[in-house]
Amino acid sequence: MKQIKIARAGYILISVLFYISGIGCLIIPEISPKAAAIAAGIILIAYGIIKITGYLSQDLFCLAFQYDFACGIFLIVLGIVVLAVGSKFEGHLLSGLGFLILMDSLLCIQTSMDAKKFGLSTWFVILASSILSGTLGVVLIIMNTQIIAGCSLLAEGFMRQYIVQCTVYLSPRHNRNDEEKDNDDTLP
């Protein structure tokens, strides 16, 4: 119960960080490459930890976190690399961000299809936000501008927040206290 609440809150926190980063890219397009690399490295590591926490949680539908173990490890390793050699990524950080957003969006398109199979009426919004985010990721790879990076981060933040809020449910069993859970093994 606590782990899934932590994962859900973590995803919302990451979404807020994406919103802040996106707005920062739009308002302050002359961000120092070193500062951007440090911020990116820290966010990547935090995002990786949250993804692994989500994967290990006992999500009722297993939609939002189904691909998160490998992605989480990848993000942690990438975050460490960006922190260690961030200055060498100058000029490539935005393209790398575009690739990450594209990859995440493609996985979320698959999540939307799974949500449709589960009968969730929100599957179409998940699909649309994933396509928008992925499209912006591709445009970011091609054009490599701070303005597109800001828009991409805002779209990614919305997509992540929406998916977690619409697909991560606490089962009725999760709403009871621990003693009731231990005494009642007949619930799913």
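Predicted model: local features only at pLDDT ≥ 70, side-chain atom pairs only at ≥ 80, totals over all residues.
Trainee: What makes up the secondary structure of the protein chain?

Mentor: The protein chain has seven helices and zero strands. Read from the N terminus, the elements run α-α-α-α-α-α-α. Buried residues make up 41% of the 188 residues.

Trainee: Why is S95 called buried?

Mentor: The relative accessible area of S95 is 14%. Buried means under 20%, so S95, at 14%, is buried. This residue lies in helix α4, residues 93–118.

Trainee: How do you know that the side chain of S95 makes a polar contact with the side chain of N144?

Mentor: The two side chains are 3.2 Å apart at this polar contact. Leaving aside neighbours within four places in sequence, S95 is in contact with I141 and N144.

Trainee: What can be said of the length of α4, and what covers its buried residues?

Mentor: Helix α4 has 26 residues and reaches 37 Å from its first C-alpha to its last, close to the 38 Å expected at 1.5 Å a residue. Its buried residues include L94, S95, G98, I101 and D104. Their cover includes α2, α3 (68–85), α5 (123–143) and α6 (146–167). Just after α4, G119 takes a positive phi of about 85 degrees.

Trainee: Why is the aromatic pair of Y11 and Y47 called edge-to-face?

Mentor: The structure holds five aromatic pairs. In the one formed by Y11 and Y47, the distance is 6.1 Å centre to centre, with 80 degrees between the planes. Y11 lies in helix α1 (residues 2–27) and Y47 in helix α2 (residues 33–56), so the pair ties together parts that are 36 residues apart in sequence. Both Y11 and Y47 are buried.

Trainee: What makes F18 and Y47 an edge-to-face pair?

Mentor: F18 and Y47 are 5.4 Å apart centre to centre, with 90 degrees between the planes. With limits of within 6.5 Å and over 60 degrees, this pair is therefore edge-to-face. F18 in helix α1 and Y47 in helix α2 are 29 residues apart, so that the pair links distant parts of the chain. Y11, F18 and Y47 form one aromatic cluster.

Trainee: How do you know that the charged end of K116 sits over the ring of W123?

Mentor: The charged end of K116 is 4.7 Å from the centre of the ring of W123. The distance limit is within 6 Å, and 4.7 Å therefore falls inside it.

Trainee: Why is α6 described as largely enclosed by the rest of the structure?

Mentor: Of the 22 residues of α6, 16 are buried, so the helix is largely enclosed by the rest of the structure. At 1.5 Å a residue α6 should span 32 Å, and its end C-alpha atoms are 31 Å apart, which agrees.

Terms used:
Residues numbered from 1 in each chain as written. Heavy atoms only, no water. Helix = DSSP H or I, 4+ residues; strand = E, 2+ residues; numbered from the N terminus. Buried < 20%, exposed > 50% of the residue type's maximum accessible area, 1.4 Å probe, protein only. Polar contact = N/O pair within 3.5 Å; in protein donor to acceptor, adjacent residues only side chain to side chain. Contact = heavy atoms within 4.5 Å. Phe/Tyr/Trp six-rings, centres within 6.5 Å; stacked < 30°, edge-to-face > 60°. Lys NZ or Arg CZ within 6 Å of the ring centre and 35° of its normal. Expected span 1.5 Å × (residues − 1).
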